[in-house]
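Please read the following briefing alongside the sequence and the three-dimensional structure. The points are grouped by topic.

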Amino acid sequence: MDHNMEIGVTPAQVKKLPKHLREAQISTERTHLISDPAKKQRQRYVQKNGKCNVHHGNVQETYRYLSDLFTTLVDLRWRLSLFIFTFVYIVNWLFFGFLWWLIALIRGDLVHADEEGWTPCVENLNSFVSAFLFSIETETTIGYGYRVITEKCPEGIILLLVQAILGSIVNAMMVGCMFVKISQPKNRAETLMFSHKAVISVRDNKMCLMFRVGDLRNSHIVEASIRAKLIRSQQTKEGEFIPLNQTDINIGFDTGDDRLFLVSPLIISHEINEKSPFWEMTAKQMEREEFEIVVILEGMVEATGMTCQARSSYLDNEVLWGYRFTPVLSLEKGFYEVDYNSFHDIYETNTPTCSAKELAAKFRAGPLLPQLSLLTPDPKTHSTFTFNTLNRLSERDPLSPDEDKEERDSGGDRGETNGSAAALEDPPLADGLPD
């Protein structure tokens, strides 16, 4: 359960693949080309862009949305938010404009405004339109100077105070909603990348499920952490059916590997052990299973300090058995360079098709654990160590002391192999362990 930063595998001008696999690389320019056309595409729980594919229907208690009005306004779509923003201000101006016109009508300012010696509540207010314009000037503090309230109108003074206070509340609410909506870190997730495919292969003698994450921006995600969920329908021992049951996938929570320093692309690894939901799955069983892996990357945006969350998912046909990711990081003169053209690229590797449980049992029974670093075959000769070789050699009887001496004396032609795959004679190339 670790994540590795792919550093300096090869220089930039050389293909970024292990040396013994460069000539046998499978052509996968983009991993979305690798799919099983015969398998029907299932409905996603979480889209690739992170949007949750769940709709809430038959909600009876709609008043709950009004109890948190601010969040409801922030969550609205932009076109609806702009409409409400404009509508609230216009209604507010019209309402207070009507009150100013009503005061002028009751006092008789509309009739006696032109009489000499008459002191109106608001000078030069002689119609509803002029009252509406005065309302806008008052609330927006424009103050053109043509219409002004007089001191001999106490009801107008009170209305002026009420409009100033309520107008400040409306401004705070609407401008606050727009500010929060604009500064939401949702768009920051657009520059956080997840690989198109997840892969399963052997890493450090253990079967691992891996996917890759990356950040396109130079401003980093602070306190980045990642977690994963397995979404799969389940039936309990009592016969209860649980649709879309969520199971945690450990990607380093107990070791701290789920905390990321996301400066360059990282390969996130889940070790398939006894606690993994994939512990007893073989390659063929995984092809028949229906599941979805949801990955969630969280952290704070360095520029704003706001929490950002990016999500993606992998369906069962997007988890490829027997592949690894192509390295993307190379050492240049004075800096490291990331090649995002190869971010989604993978290559095939020799991987047993048995379950991780069976593989672990063979490793415990076999005497050649140090040789597992040579599992990937040379595409030219196909004569290096394989998993069948491990099983076959584990059944050989140990040599007697005399036979051991004779073996050492006659081994001059072979050279010193230190248990390497070159000492093994003509092993067959196979995909999995025998039953």
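Among contacts (heavy atoms within 4.5 Å) in the protein chain between residues at least 6 apart in sequence, 71% join residues at least 24 apart. This is a predicted model, in which local features need pLDDT of at least 70 and side-chain atom pairs count only at pLDDT 80 or more, while totals for chains, interfaces and linings use all residues. Residues are numbered from 1 along each chain as its sequence is written, and side-chain values use heavy atoms, with hydrogens and water left out.

**Overall architecture**

- The protein chain contains 10 helices and 15 strands; helices (H or I, at least four residues) and strands (E, at least two) are DSSP runs, numbered from the N terminus.
- Of the 435 residues in the protein chain, 40% count as buried. Buried means under 20% relative accessible area, exposed means over 50%, and partly exposed lies in between (1.4 Å probe, protein chains only).
- Carbon and sulfur atoms account for 55% of the accessible surface of the protein chain, which comes to about 25,900 Å². Accessible areas come from the Shrake-Rupley method with a 1.4 Å probe, and for residues only the protein chains shown count as cover.

**Confidence**

- The protein chain has a mean pLDDT of 78, and 75% of its residues reach 70 or more; pLDDT is the predictor's confidence in each residue, from 0 to 100.
- Confidence in the protein chain is highest in strand E12 (residues 323-325), at a mean of 96, and lowest in helix H9 (residues 387-394), at 41.
- Over residues 367-435, pLDDT stays under 50, and the model has 93 contacts beyond four places in sequence for this segment.

- In soluble globular proteins, nonpolar side chains tend to be buried together.
- The largest nonpolar core has 42 residues, and those with the most contacts inside it are Val 213, Phe 278, Ile 293 and Val 319. Strand E5 (residues 221-235) supplies the largest share of this core, with 5 residues. A nonpolar core is a set of buried Ala, Val, Leu, Ile, Met, Phe, Trp, Tyr and Cys residues joined through side-chain atoms within 4.5 Å.
- Another core, of 11 residues, lies apart from the largest one and includes Ala 104, Val 122, Leu 125 and Ala 131.
- Leaving aside neighbours within four places in sequence, the contacts of Ile 293 include Leu 209, Leu 230, Ile 249, Phe 278 and Val 319.
- Ile 158, Val 162, Ile 165, Leu 166 and Ile 169 make a nonpolar surface patch of about 460 Å². Patches are made of residues with over 30% relative accessible area and no salt bridge: like charges are joined within 9 Å, and nonpolar side chains (Val, Leu, Ile, Met, Phe, Trp, Tyr) within 5 Å.
- Ile 169, one of the patch residues, lies in helix H6 (residues 154-183).

**Salt bridges**

- The whole structure has 11 salt bridges, each defined as a side-chain nitrogen of Lys or Arg within 4 Å of a carboxyl oxygen of Asp or Glu.
- Arg 44 and Glu 318 form a salt bridge, with their closest N and O atoms 2.3 Å apart. Arg 44 lies in the loop between E1 and H1, and Glu 318 in the loop between strand E10 (307-315) and strand E11 (319-321), so the pair ties together parts 274 residues apart in sequence.
- Both Arg 44 and Glu 318 are buried, and a network of salt bridges links Arg 44, Lys 48 and Glu 318.
- Arg 107 forms a salt bridge with Glu 155, the closest N and O atoms being 3.4 Å apart. Because Glu 155 lies in helix H6 and Arg 107 in helix H3, this pair ties together parts 48 residues apart in sequence.
- Arg 107 also forms a salt bridge with Asp 109, at 3.6 Å between the closest N and O atoms. Asp 109 is buried at 1% relative accessibility, whereas Arg 107 is partly exposed at 24%.

**Individual residues**

- Ser 81, in helix H3 (residues 78-107), counts as buried because its relative accessibility is 6%. Not counting residues up to four places away in sequence, Ser 81 touches Leu 73, Leu 76 and Lys 181.
- Asn 58 has a positive phi, near 55 degrees, in a residue other than glycine. Asn 58 sits in the loop between strand E1 (3-5) and helix H1 (63-67) and is exposed at 76% relative accessibility.
- Leu 244 likewise has a positive phi near 55 degrees; this residue belongs to strand E6 (residues 241-249) and is partly exposed at 43% relative accessibility.
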